[in-house]
Amino acid sequence: MAGSLLDGRAALITGAASGIGAATALVFARHGAKVVVADINEEGGRRTVAEVEAIGGEAAFVRADVRRSGEVRDMVAFTVERFGRLDCAVNNAGVDTAGDGRFHEVSEESFDASFEVNLKGVWWCMKHELAQMVAQCSGSIVNVASVAGLVGIEAPFVSPYIAAKHGVVGLTKAAALEYATSGIRVNAVCPGAVRTQMVDDLIEQGIMTLEQTAAYHPVGRYANPPEIGEAIAWLSSDAASFVTGLPMAVDGAMTAR
Ligand SMILES: NC(=O)c1ccc[n+]([C@@H]2O[C@H](COP(=O)([O-])OP(=O)(O)OC[C@H]3O[C@@H](n4cnc5c(N)ncnc54)[C@H](O)[C@@H]3O)[C@@H](O)[C@H]2O)c1
């Protein structure tokens, strides 16, 4: 399909069955990329593939749990088998494990559940993606962190998430430096609140309201998922060829305060 930024690129997006990941798959397809949609949610993943195909794009689904090294390795291999290489990897799969209490009340299970997906899952993905990208001598990785990877958030319940997302920014910077001369760029996006299932869950649990969430952002609203996808697409493209090691806030000036 007629694209621009990502014409012909082979992309892999984790957590692409819903929310930011699904929107990013569509944005990537509009920019000309071929997309592997990875998720543990098969039904949602196949729906994203159908949506990409409906706009004339090319996509394929692979079931992969980012907590399992073997599944992540196979997910990368699937991308290479299907599209010949791995140009752009977007490590977006994440969970909100809020609802467990204030800092001193958070359980070990809740802490581990957050870290297993939000931090170690990103680490597994980067490890297997980088192995492929080193072999190709090229590639771009964008990790989906959060404003919670840049600053604390004045809300109870979310300390493990904040710690994990700061860790994602750390992995991003470390890898950007290690692979700076290998033709591989590694960046992160740090979204403010985005209207997805994750935010709806937090609202349902009484942890935030839509009004409060909008008020956190100087622009007076939360983001729509494609607005995050467009930032990821730009970072993944040659237009950002001198950008690496950047945790890019996409937050309506929330962290500019
Ligand atoms: N929504 C927000 O306000 C917001 C803000 C900042 C950052 N983020 C981050 O954006 C990313 C996407 O979140 P979203 O809001 O679109 O949430 P979402 O719940 O709509 O999507 C997350 C996706 O990840 C998948 N997933 C969960 N665990 C997985 C695993 N172990 N292996 C593979 N896939 C798994 C889910 O099935 C789901 O499809 C997350 O990393 C989240 O932390 C979200």
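1. Helices (H or I, at least four residues) and strands (E, at least two) are DSSP runs, numbered from the N terminus. Strand β6 (residues 184-191) holds Asn187.

2. The model is a predicted one: local features require pLDDT of at least 70, side-chain atom pairs count only at pLDDT 80 or more, and totals for chains, interfaces and linings use all residues. Residues are numbered from 1 along each chain as its sequence is written, and side-chain values use heavy atoms, with hydrogens and water left out.

3. Asn187 counts as buried because its relative accessibility is 0%; buried means under 20% relative accessible area, with a 1.4 Å probe and protein chains only. A polar atom of the Asn187 side chain lies 2.9 Å from the backbone oxygen of Val243. A polar side-chain atom of Asn187 is also 2.9 Å from the backbone nitrogen of Leu246. Beyond its neighbours within four places in sequence, Asn187 is in contact (heavy atoms within 4.5 Å) with residues including Ile141, Thr172, Leu235 and Gly245.

4. Around the ligand there are 29 residues, of which Ile20, Asp39, Tyr161, Val194 and Thr196 come nearest; a residue is near if one of its heavy atoms lies within 4 Å. By class, this shell has 16 nonpolar, 9 polar and 4 charged residues.

5. An oxygen atom of the ligand lies 2.7 Å from a polar backbone atom of Val194. A ligand oxygen is 3.0 Å from an N or O atom in the Lys165 side chain, and a ligand nitrogen is 3.0 Å from a backbone N or O atom of Val66.

Conventions. A polar contact is a pair of N or O atoms within 3.5 Å; within protein, one must be able to donate a hydrogen and the other to accept it, and residues adjacent in sequence count only if both atoms are side-chain atoms. Ala, Val, Leu, Ile, Met, Phe, Trp, Tyr, Cys and Pro count as nonpolar, Asp, Glu, Lys and Arg as charged, and the others, Gly among them, as polar. Buried means under 20% relative accessible area, exposed over 50%, partly exposed in between (1.4 Å probe, protein chains only).
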